[in-house]
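Visitor: I have a structure to look at, and I am new to this. Could you show me how to read it, one feature at a time?

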Amino acid sequence: MSIVLFTILQYAPGGPLTPYLQNPHITEADIIRLKHNLGLDQPGYVQYFKWLFQVVRGDFGWSMSNSEPVSQAILERLPATLTLMGCAFVFSLAIGVTAGIISAVRQYSWLDYTVTTLAFFGQSMPVFWFALMMQLAFSVVGITAFGYKFSLPSAGISSLDNFDFWDRLQHLVLPTVVLSLLFIAQWSRFMRSSMLEVVRTDYMRTAAAKGVSQRAVILKHGLKNALIPLVTVIALSLPGLFAGAVVTETIFAWPGMGRLFINALGQFDFALLMGYMMLTSFLVITFNLVADLCYAWLDPRVKYN
Amino acid sequence: MAASLPITPGAVPVVEETAPSRNTVWRRFRRHKPALIGAVIIIFMALIAIGANVLKPADPNFIDQVNWQGYPLAPGVAHHILGTDENGRDLLARLMFGARISLTVALFAVIMGISIGTFLGAISGYYGGWVDFIIMRATDVVLSIPLLPLLLVLTAIVAGTSNKASLNFGVIVVLIGGLSWPSVARLVRASFLSLREREFAEAAKAVGNRDGRIIFRHLLPNAVAPIIVQATLEVANVIILESTLSFLGFGIQPPTASWGNMLANAQSNITVAPWAAIFPGLCILVTVLAINYLGDGLRDALDPNMR
């Protein structure tokens, strides 16, 4: 996979020196010297293995737009992104699973119809527009609800220089809600159908027949089994979570990896783009592996050779 | 107490051996009211997109210099039903032409993605072995790279080699279409794996049909239902994907209007001109919602066992 990404970025016409090619003060001779210094005049496979060797040691090259090593640029912004993604993940999981269970247990009730309709809206919502509307409603206009006038900050991670929990939390609300929407929608729909399947199984009927209360049947016997397939779905939504973070961070001026990526994009800083793509793909693959292993551990019916 | 549990003892799913007849499909589809409404909305949007030239209230790139004074005009001012954007261009006209761009990009990209996916999935499922191995690993690779960042990098490469104006309709279609095949490929492969074991497939082979004929004339028609459903849902995805690219400035380039790039400047003007931000997004939401409901209805109608 790294080969594919490397090829795409290196053999793109113009290549990694594009930002210099557009500079009128740099002559043809400078370009040739630069290419030699950076090893860009060597054959492709030599470059690839050199680069791969560096990547394994954690060296992703030099970011031209930030004037610092790529790894440093990304690592500086990683905590902000992980905070946002982590909050969105927990929030989506809590709301999505709860909504899915309620929807399944009260199938065909008005509550079920409301949840499924909202899920459809969530899945069809363009993230960036939802973000704009949230900013409009909660920062620009400042909607009054529950006797409280909302005026949440619409940009940045903090407005104070020193760390203040309340301040941070306020900044986190809107981006988290925006990033979560799609996953709440997807996971609640999945949870609903997964729960409906489990509810029809024999062991649920047995548990109910034994006189276990309905609440305990659903939460203890049902939920445990219905959650297992969700693990795979969650692992599959990880690429979407990264993509969503790019959009969310851009709109809310969140100082994370996603915004770094968009800035690098505007300046054609391919070393950084490459580093970002490698890191996210690596995380996605690792998570899928972990999810597969978790699945086997949670569901003894599945065996791996 | 326990009786209130929605448990249906002995519910055996009915597996249909043959594809449902056209009448059955239509009857099932008609029962799905949201899907019917969705279909009507999509036809309405498509008609507007096709007839944008005739229906337009103004030229989408015409700047109303008489009334415009440097800030967006509000809806209803000077015969602009939905107002103007920050450059004094009629919002309704731009929305209509935006519909044309967004819908055609989605249509062509999906046709391309579905064709590639169906072809690769079909030969992968039919032949198996190393063909299958290579195609499935390629699918894994594409699916493990986050799609939006990958598309952004590719568009940046295209823009970096010449200029941003080169990011036209064709480039966007090819990039999105060229990356949206893996899910279809997996789907088609799965149905081909079971179809090739069926008796009619063996019969077709026994009478001496060539592989190509068996794949496309005998097996493919039996795998068409899930492909149609997937294609519908894919259109919804591509509309969102294209509008996101255009919003971030790496999709359809201005002055050509697309629902996404109309929103690009809306954020900075949102305090003075919320309507410029509301309407394009509403168009995307309504269209995508309609398509998703249509896909849901089609799934119920074509193959109730699928899910």
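Visitor: How do H8(A) and H10(A) cross, and at what angle?

Guide: This is a predicted model, so read every value as computed from it. The axes of H8(A) and H10(A) come within 9 Å. They cross at roughly 155°. An angle over 145 degrees counts as roughly antiparallel. H8(A) and H10(A) are therefore roughly antiparallel to each other.

Visitor: Is the crossing of H8(A) and H10(A) left-handed or right-handed?

Guide: The crossing of H8(A) and H10(A) is right-handed. Now look at the residue classes. The contact of H8(A) with H10(A) holds 17 nonpolar residues, eight polar and no charged.

Visitor: Which residues does H10(A) use to meet H7(A)?

Guide: Start with the general idea. An α-helix has 3.6 residues a turn, so residues three or four places apart point the same way. Now the case here. From H10(A) come A:Gly244, A:Val247, A:Thr248 and A:Ile251. Their partners in H7(A) are A:Val127, A:Phe128, A:Ala131 and A:Leu132. Six residues of this contact are nonpolar, two are polar and none is charged.

Visitor: What is the geometry of H7(A) and H10(A)?

Guide: Helix H7 covers residues 127–141 of chain A, and helix H10 covers residues 214–251. They pack at an angle of about 30°, with axes 10 Å apart. H7(A) passes H10(A) in a right-handed crossing.

Visitor: How far apart are the end C-alpha atoms of H10(A)?

Guide: They are only 45 Å apart, although H10(A) has 38 residues. A straight helix would reach 56 Å at 1.5 Å a residue. Look along H10(A) for a bend. There is a kink of about 45°, centred on A:Leu223.

Visitor: How do H2(B) and H12(B) cross?

Guide: Their axes come within 7 Å and cross at roughly 135°. That makes H2(B) oblique to H12(B). The crossing is left-handed. Residues of H2(B) in the contact include B:Gly38, B:Ala39 and B:Ile42. Those of H12(B) include B:Ala290, B:Leu294 and B:Gly297. By class, the contact of H2(B) with H12(B) has 12 nonpolar residues, three polar and one charged.

Visitor: How many residues of chain A are in contact with chain B?

Guide: First, a general point. The size of an interface is often given as the accessible area lost when the parts come together. Here, count residues instead. In chain A, 47 residues are in contact with 45 residues of chain B. Among the elements giving two or more residues to the chain A side are H6, H7, H8 and H10. H10(A) supplies the largest share, nine residues. The chain A side has 34 nonpolar, 11 polar and two charged residues.

How values were computed: Residues numbered from 1 in each chain as written. Chains lettered and ligands numbered in written order. Predicted model: local features only at pLDDT ≥ 70, side-chain atom pairs only at ≥ 80, totals over all residues. Axes fitted to C-alpha atoms, helices over the stretch in contact; angles between N-to-C directions. Helix = DSSP H or I, 4+ residues; strand = E, 2+ residues; numbered from the N terminus. Left-handed = near helix turned anticlockwise from the far one by under 90°. Contact = placed C-beta atoms within 7 Å. Nonpolar A, V, L, I, M, F, W, Y, C, P; charged D, E, K, R; others polar. Expected span 1.5 Å × (residues − 1). Bend = angle between axes of the 7 residues up to and from the residue. Parallel < 35°, antiparallel > 145°, perpendicular 65-115°, else oblique.
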